[in-house]
Amino acid sequence: MQKQRYTRKEQVTEAFKKYVPEAFVAVVVDLFLAFPVKFKIVNGRKTKLGDFRAGLNHEKHQITINGDLNPYAFLITTLHEFAHLQTFNVYHNRVAPHGEEWKMAYRKLLLPIIQSQQLPHDIQQALEQSLVNTKASSCTDHHLSRVLHTYDKPKE
């Protein structure tokens with residue numbers, strides 16, 4: 001029996017299907033494939049949902065995302081961190097981490113997700129409101145954070 005070979009895109013798609021809402025897997029896969037980045041799914045951290053670290057000495061940039069997030073929180077956190085990557089690629093360390101340049105990059109990534117009409121209504125509304133005054137994280141946007149938590153799996 002011949003072993004089936006998967007393309008890189010197919011492998012990445014299968015991996016992200018476990019974490020991202022199905023309607024948005026392709027968006028995350030396209031971002032992942034567009035940028036040379038180490039993308040790590042890590043154990044849940046109490047202090048942060050995700051992290052971006054710029055690669056030094058020609059190393060790849062690194063994004064880490066907590067693996068215990070619900071699919072919508074995982075998606076939003078991933079877009080947040082890719083906005084950092086995109087901002088760094090343009091401005092390096094010359095701008096504030098959550099300054100206007102980052103906010104513009106984040107909004108640009110988030111807007112098609114919101115406009116897709118594929119999000120639950122409550123998340124879509126919370127994200128639309130968050131675009132008015134974008135916070136540094138979904139945790140500091142208390143309304144968005146509360147809405148996202150309603151999609152968490154019950155703790156065992």
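These questions and answers cover a helix pair and a sheet in a predicted model.

Me: Why is α5 called roughly antiparallel to α6?
Reply: Helix α5 (residues 121–132) and helix α6 (residues 142–149) pack at an angle of about 160°. Angles over 145 degrees count as roughly antiparallel, so α5 is roughly antiparallel to α6. Their axes are 9 Å apart.

Me: Which hand does the crossing of α5 and α6 have?
Reply: The crossing of α5 and α6 is left-handed.

Me: What makes the contact between α5 and α6?
Reply: From α5 come Asp122, Ile123, Ala126, Leu127, Gln129 and Ser130. From α6 come His143, Leu144, Val147 and Leu148. Together, the residues of this contact divide into 6 nonpolar, 3 polar and 1 charged. Asp counts as charged, so Asp122 of α5 is the charged residue in that division.

Me: What strand order does the open sheet have?
Reply: The sheet has 3 strands in the order β1-β3-β2, and its pairing is mixed. The twist averages 15° from one strand to the next.

Me: Why is one side of β1 and of β2 left without a neighbour in the sheet?
Reply: β1 (37–42) and β2 (50–53) each have a single partner strand, so they stand at the edges and one side of each is without a neighbour in the sheet.

Me: How do you know that β2 and β3 pair?
Reply: Pairing needs at least two bridges between the strands. β2 is joined to β3 (residues 61–66) by 4 bridges, so the two strands pair. They run antiparallel, and Asp51 stands opposite Thr64 in β3.

Terms used: Residues numbered from 1 in each chain as written. Predicted model: local features only at pLDDT ≥ 70, side-chain atom pairs only at ≥ 80, totals over all residues. Heavy atoms only, no water. Axes fitted to C-alpha atoms, helices over the stretch in contact; angles between N-to-C directions. Helix = DSSP H or I, 4+ residues; strand = E, 2+ residues; numbered from the N terminus. Parallel < 35°, antiparallel > 145°, perpendicular 65-115°, else oblique. Left-handed = near helix turned anticlockwise from the far one by under 90°. Contact = heavy atoms within 4.5 Å.
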